[in-house]
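My entries follow in the order in which I looked things up.

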Amino acid sequence: MMLTGVLVSASDLEGARGVVHRLQALGAGCVVLTLGESGVLFTAVGEKEGVVHHCPAEKVDVVDTTGAGDAFVGALAYYLACHASLSFEEMVRRSGVIASLSVTSKGTQLSYCIDKIPKVLLTS
């Protein structure tokens, strides 16, 4: 809401798509909007304006959502820096999986345990 002035529920995918379009209209070349259990909406640099992709969230038993957004952003930064050969869509998908895993434990420190991340998510 801070950037667009539009308040939208995470479960309102069409409203969230509107926010993505508004951010594009403001000049954003790439938009990534996390929506908790509804997943992630994103656009990719170089794609036709108006194309918005959706990656659904993994279904997990939620214990604590604290830090899930941080887990997503940290994972996406990791993929951008260390696995540039992956498509942006795959980076977003994997980041969503890692964020989903982070909500299955209490707190933030233990929920970021590298041992919980399937090794396939750490390779190109």
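**Helix contact and ring pairs**

I looked up the contact first (heavy atoms within 4.5 Å): A68, A71, F72, A75, L76, Y79 and L80 of α2 meet F88, M91, V92, R94, S95, G96, I98, A99 and S102 of α3. By class, this contact holds 12 nonpolar, 3 polar and 1 charged residues, with Gly counted as polar.

I noted that the model is predicted, that local features need pLDDT of at least 70 and side-chain atom pairs 80 or more, while totals for chains, interfaces and linings use all residues. Residues are numbered from 1 along each chain as its sequence is written, and side-chain values use heavy atoms, leaving out hydrogens and water.

I then looked up the geometry: α2 (residues 68-82) and α3 (residues 88-102) pack at about 145°, their axes 8 Å apart, where angles run from 0 to 180 degrees between N-to-C directions. Helices here are DSSP runs of H or I with at least four residues, and strands are E runs of at least two.

Searching the whole structure for aromatic pairs (ring centres within 6.5 Å; planes under 30 degrees apart are stacked, over 60 edge-to-face, the rest tilted), I found 2. F42 lies in strand β2 (residues 40-42) and F88 in helix α3, 46 residues apart. The rings of Y78 and Y79, with centres 5.2 Å apart and planes at 65°, are also edge-to-face.

Note on methods
Rings of Phe, Tyr and Trp (its six-membered ring) pair if their centres lie within 6.5 Å; planes under 30 degrees apart count as stacked, over 60 as edge-to-face and the rest as tilted.
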